[in-house]
Amino acid sequence: MDPYTPFCGTPPLPTELLTRWTFDPVLIAGLIAAFAIGMRYTIERKRFTGAWALVAFLFISPLCAASMALFSARVAQHILLTLVAAPLLAAALPKLRLPPMPVAVVFAVLFWFWHAPAPYQATLESDLTYWAMHLSLFGSATLMFAAFRATPEQSIPAAALTGAQLTLFAVVLTLAPTPWHSWHMLTTIPYELGPLADQQLAGAMMWVAGGLLFLAVIGKLALTFLQEADVPPAKSRP
Amino acid sequence: MTDAPYDNNPVPGPRDDAYDMAPKGEPDKSFEEVWATPPGVKVLSSVSHRVVGKRFLITGFIFFLIAGVLALLVRLQLLVSENTFLDSETYNQVFTMHGTIMMFLFAIPMLEGFAVYLIPLMIGARDLVFPRLGAFGYYCYLFGGIIVLSSFLFDAAPAGGWFMYVPLSTSQYTEGLSADFWLIGITLAEIASVTAAVEIIAAILCSRAPGMSLTKMPILMWYLLVTAFMIAIGFPPLIIGSILLEAERLLGLPFFDISLGGDPLLWQHLFWLFGHPEVYIIFLPAAGMVATMLPVFVGKPLFGYGFAVSAVITMGFLSFGLWAHHMFATGLPIMSLSLFSAASTMVAVPTGVQIFCFIATLTLGKPRLTVPMLFILGFLFIFVLGGLTGVMLAAVPFNLQAHDSYFVVAHLHYVLIGGFVFPMFGALYYWVPHFTGRMMSETLGKWAFWLMFLGFNLAFFMMHLTGLRGMPRRIATYPEGIGWDRLNMLSTVGAFILAAGIAVFIVDFFRHQRSGPKTGRDPWRAATLEWLYEPRTPGYNFRAIPAIRSREPLWDQPELTDRPAAEVDGALRISHDHRRETIGCDPVTGEPIQILRLPHPTWFPLISALGLAVLFAATLASLYWLSAIGGLIALIGLTGWIWEPSDSGVTRETGLGEGLSLPVNVVDRKSHLHVGTIGTILILYALFASLLFAGLFLWNVQPEFAQDTARPARIFALVSAALSVILFALSWMTGRRALSQGSLAAGMLINLLTGVAIVALGLSFFWALLPVDPYSTAFAAVGWAMGAYVAALLAVSLYWTLFNALRKATGNVVLGQGLPDLLLAAFGKATAVMAGITAVAFLVAGTPQ
Ligand code: HEM
Ligand SMILES: [Cu+2]
């Protein structure tokens with residue numbers, strides 16, 4: 001039986017990493033279709049293009065291959081996908097009035113589920129699960145940020161839940177005494193990184209970089225809310 | 001968090017056949033008398049925010065003085081090398097109590113005092129929306145503080161440092177009661193903080209003057225709102241940590257015991273999950289007061305309101321992610337250290353934005369150098385320096401070097417004294433005229449400022465140097481001639497100069513009450529509503545509540561200032577039922593949506609707090625029968641408190657617009673009671689999350705023990721999950737019916753069914769946990785702790801649902817008075833969610849791996 005090759009290929013060696021672009025025809029076709037459809041419906045072409053370009057980069061560039069070797073690369077990919085591309089895309093969509101809390105819960109559940117050992121392993125064994133993971137993570141994150149954007153003042157509890165849940169996950173990952181994912185047991189060695197160190201790096205990156213990105217989004221939302229709600233102030237002492 | 005705080009559900013309007021069920025207040029009294037503070041001892045029954053706020057401020061200040069004297073003792077001991085003034089045990093007690101009192105019994109209560117006093121006055125309300133809760137919180141704080149202090153009398157003052165590190169504070173290493181005094185007293189005092197958080201959230205969101213939208217709020221309200229959310233989320237980890245540690249000490253449950261799969265680092269995580277945000281909780285309200293005073297003395301609105309508010313919100317979130325930087329020396333993965341250190345410096349961004357807004361405001365005009373202004377400038381100077389040393393400490397190599405040295409002591413005091421004490425004194429000089437109706441002396445004030453400023457810098461700048469020369473903190477003596485002597489002496493001299501400055505303030509305070517000139521109307525030419533009346537403002541705050549169009553109403557709305565304050569137009573000039581009432585608003589837009597009835601003086605808060613204090617103190621003394629009595633008293637007090645006729649169901653004219661009538665205590669998700677309940681639920685979720693974190697943490701770092709732990713009974717875990725769903729559904733129905741005004745009999749039936757579901761759920765959880773021995777491993781103990789927590793929630797829900805059923809049965813409720821059920825529904829749904837998560841956790845833990 002032929003061994004299955006994961007979507008981003010076999011774990012690359014550091015030397016070949018930069019040559020490992022993923023020009024999968026289905027992926028490219030999908031991206032082009034998404035671009036065509038998106039440009040028709042978006043209200044903000046620039047933002048949409050930005051989000052689209054980032055997503056394309058995350059899957060075509062060597063980051064995709066790197067994520068086969070390093071769990072930390074995979075986490076970096078997911079951080080960029082859910083905390084940069086998703087809010088950007090959400091900001092390019094017409095306002096969607098969704099209840100923030102349920103969407104945030106869905107995102108949380110998906111996030112924990114896909115990073116647990118068994119489902120994670122499954123994504124490396126079939127293209128279908130691989131795309132189920134990325135589409136569901138990206139989709140739920142986009143919907144969540146769209147909901148936050150539509151009613152920022154009502155989204156505070158949901159945003160708090162999301163911040164807490166992501167941080168908790170990062171803490172658990174950072175402090176875990178053993179590596180979780182058997183896939184990465186050997187793949188990290190060429191990078192002079194033990195699997196545990198790789199995992200700790202992933203956790204810390206999520207904790208800190210992920211946290212800061214999330215904060216930037218929150219800050220931006222708050223500012224937009226205040227500016228939109230504000231009538232131009234005509235102020236000076238009487 | 002199953003409900004957003006408010007939503008746009010259509011609500012049945014107030015009924016046209018408004019029956020006259022609203023309880024009549026005190027018909028023989030005039031409007032003024034209804035709002036008067038009761039005379040004599042009865043003042044203890046007062047619930048007015050002005051009375052309670054001042055109590056918080058005075059008590060907090062007294063604790064400040066006590067802790068300050070302790071600090072002077074520390075400095076006296078360190079005056080010369082090889083000093084024998086205090087022995088090392090006493091020294092440990094003194095600095096531990098100094099830190100503890102300053103952080104828990106001074107800083108937080110002081111800011112609560114300002115919040116409680118100022119919020120209604122600044123947003124155009126006549127009182128806080130839960131005045132009794134404020135009074136109750138105050139008494140809890142007072143009794144908790146007394147318990148902590150009384151440890152000195154028993155020679156059992158805690159000595160393990162203000163963060164009570166485990167295992168040092170477990171019974172193995174700390175015998176006697178000292179740690180228990182700390183844990184029990186502080187936990188009682190913290191009740192005041194969390195109740196204040198609920199109070200602040202609901203008051204700011206629900207009782208603003210007509211037209212005051214979120215963006216027109218005085219900036220201090222934003223700071224307080226964010227702070228309140230931070231307290232609601234930040235204090236629970238410490239409360240859970242304290243309870244777990246106390247349970248380990250009293251019952252021997254092995255939460256932190258390494259040999260049974262516990263982990264001392266769990267305490268550190270829980271403590272700093274609280275401790276890091278705590279610093280911001282202290283700083284933000286102080287910064288908010290600066291942002292209020294500064295524009296007044298410059299004569300221009302605050303520069304960059306929107307940016308400052310976003311910065312504050314971001315800071316609120318950010319402060320919860322960074323606790324691990326207090327644990328650099330505990331062997332966190334090397335990988336994470338440099339990232340943390342980078343992230344810690346990022347705090348400088350939102351802080352910097354605020355400081356920038358302040359400085360930019362300063363440049364807008366020519367500041368008047370009044371005493372409060374001097375303290376603001378002192379704050380800017382000291383706090384910025386403290387921020388710089390903070391950035392230094394965030395660098396890992398430097399941190400490992402300076403860790404636990406006097407450099408840290410210096411940094412911490414630059415931040416805390418610069419960031420809190422200086423703004424606070426500025427605020428006292430600014431608002432004391434509002435409290436007393438008399439002005440304090442400018443001359444003495446300048447003396448106080450310069451003594452404090454110079455003394456402070458002398459004392460604490462030197463400590464940087466002593467720290468760099470290697471002097472560790474928390475040492476009682478040091479040897480002569482290694483370069484520490486002169487620096488220490490200067491520090492001590494500085495501390496006494498600082499104390500002299502504070503003494504000048506106190507002298508002036510007593511002096512001005514007798515001979516200070518009377519305060520005129522708006523003495524500082526301020527812009528915010530609290531200065532509308534000539535101090536002292538009458539007990540009702542506003543004779544009529546004015547509509548607000550500007551963020552600086554006293555500057556921009558001439559109709560407020562061109563006539564005597566009592567004649568200013570507004571809502572509720574007519575008082576209908578001789579009740580205390582104020583206007584309730586939509587949380588976002590500030591549109592008036594209801595008339596909000598407020599309680600009159602009552603003893604129940606005092607009784608409840610007393611009962612609780614007895615419960616805590618008796619537990620400390622291991623007199624468990626007395627604890628039970630205390631609990632009973634508290635329960636009786638609480639029942640009396642909430643057993644009052646409902647006010648909902650009638651409409652009354654407000655005097656706004658063209659005869660606008662509004663419902664009294666509207667049955668709606670935007671009701672202050674519902675928002676307050678959601679705030680409470682937020683705290684409950686945070687408590688639950690802390691427990692969940694404990695379990696996950698132990699499972700993560702000690703997997704072998706988790707493996708060895710006996711499994712909960714799967715079948716009952718499954719049943720619990722199912723029953724949780726049923727409880728959720730019943731609660732949802734309760735809420736629907738409350739809003740749609742369904743029949744009372746059916747409502748009562750649902751209440752009773754809910755009760756049955758709750759009892760079944762409790763039993764099912766008990767059976768699920770039965771196979772697990774809580775003493776076997778830390779993991780098992782956490783399982784029981786989660787079970788106990790859910791049981792407590794279930795007990796409250798049970799009490800509540802039976803209470804609501806009983807009130808319907810006894811005819812105390814009529815159709816349309818659905819608020820109690822609406823609140824119960826929110827609480828029941830939250831309980832069901834937490835019970836459900838616990839059941840799933842038990843299921844996962846119960847599945848053989
Ligand atoms: C009023 C003047 C003050 C003086 C002279 C002073 C002095 C000191 C000194 C010398 C120490 C170090 C004790 C040691 O490590 O051996 C200390 C510790 C501490 N101080 Fe202050 N302090 C003052 C005000 C404050 C304030 C306003 C706060 C907080 C709001 C505060 C919070 C603390 C804390 C948390 C510690 C650490 C205690 C521990 O190590 O457990 N202090 N103080
Ligand atoms: Cu910190």
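Trainee: Why is B:Arg652 called buried?

Mentor: The model is predicted, and in it B:Arg652 has a relative accessibility of 13%. The cut-off for buried is under 20%, so B:Arg652 counts as buried.

Trainee: What makes the pair B:Asp577 and B:Arg652 a salt bridge?

Mentor: The rule asks for a side-chain nitrogen of Lys or Arg within 4 Å of a carboxyl oxygen of Asp or Glu. For B:Asp577 and B:Arg652 the N to O distance is 3.1 Å, so the pair meets the rule. The two residues come from distant parts of the chain: B:Asp577 is in the loop between helix H17 (558-561) and strand S1 (580-585) of chain B, while B:Arg652 is in strand S3 (residues 651-656), 75 residues apart.

Trainee: Why is B:Asp577 counted as buried?

Mentor: Its relative accessibility is 2%. The limit is under 20%, and therefore B:Asp577 is classed as buried.

Trainee: Which residues are joined into one network by salt bridges that share partners?

Mentor: The network consists of B:Asp577, B:Arg579, B:Glu581, B:Arg597, B:Asp647 and B:Arg652. Over all chains, the structure holds 16 salt bridges.

Trainee: What makes B:Glu32 and B:Arg543 a salt bridge?

Mentor: Their side chains meet at 3.9 Å, N to O. The limit is within 4 Å, so this pair also qualifies as a salt bridge. B:Glu32 belongs to helix H1 (residues 31-34) of chain B and B:Arg543 to the loop between helix H15 (485-515) and H16, 511 residues apart.

Trainee: Why do B:Glu32 and B:Arg543 fall into their accessibility classes?

Mentor: B:Glu32 has 41% relative accessibility. Partly exposed covers the range between the buried limit of under 20% and the exposed limit of over 50%, so B:Glu32 counts as partly exposed. B:Arg543 has a relative accessible area of 16%, which is under the 20% limit; B:Arg543 is therefore buried.

Trainee: How many salt bridges and polar contacts link chain B and chain A?

Mentor: The count is zero salt bridges, and the rule finds two residue pairs in polar contact, both at pLDDT 80 or more. The area buried between the chains is about 3,900 Å², with carbon and sulfur atoms giving 78% of that area. In residue terms, 44 residues of chain B are in contact with 42 residues of chain A.

Trainee: Which elements of chain B give two or more residues to the side that touches chain A?

Mentor: They are helix H8 (305-318), helix H9 (334-346), helix H16 (553-556) and helix H20 (672-701). H8(B) gives the most, with eight residues. The residues on this side of chain B divide into 28 nonpolar, 11 polar and five charged.

Trainee: What makes B:Ser310 a buried residue?

Mentor: Its relative accessibility is 6%, and the limit is under 20%; B:Ser310 is therefore buried. B:Ser310 is placed in helix H8 of chain B. Leaving aside neighbours within four places in sequence, B:Ser310 is in contact with A:Gly219, A:Ala222, A:Leu223 and A:Leu226.

Trainee: Why is B:Ser608 called buried?

Mentor: B:Ser608 has a relative accessible area of 3%. Buried requires under 20%, so the label holds for B:Ser608. This residue is in helix H18 (residues 604-620) of chain B. Apart from neighbours within four places in sequence, the contacts of B:Ser608 are B:Phe136, B:Ala634, B:Gly637, B:Leu638 and B:Trp641.

Trainee: Why is A:Phe7 called buried?

Mentor: The relative accessible area of A:Phe7 is 11%. The limit is under 20%, so A:Phe7 is buried. A:Phe7 is found in the segment before H1 of chain A. Not counting residues up to four places away in sequence, A:Phe7 touches A:Thr22, A:Asp24, A:Leu27, A:Cys64, A:Asp127, A:Tyr130 and A:Trp131.

Conventions: Residues numbered from 1 in each chain as written. Chains lettered and ligands numbered in written order. Predicted model: local features only at pLDDT ≥ 70, side-chain atom pairs only at ≥ 80, totals over all residues. Heavy atoms only, no water. Contact = heavy atoms within 4.5 Å. Buried area = accessible area lost by both parts, 1.4 Å probe. Polar contact = N/O pair within 3.5 Å; in protein donor to acceptor, adjacent residues only side chain to side chain. Helix = DSSP H or I, 4+ residues; strand = E, 2+ residues; numbered from the N terminus. Nonpolar A, V, L, I, M, F, W, Y, C, P; charged D, E, K, R; others polar. Buried < 20%, exposed > 50% of the residue type's maximum accessible area, 1.4 Å probe, protein only.
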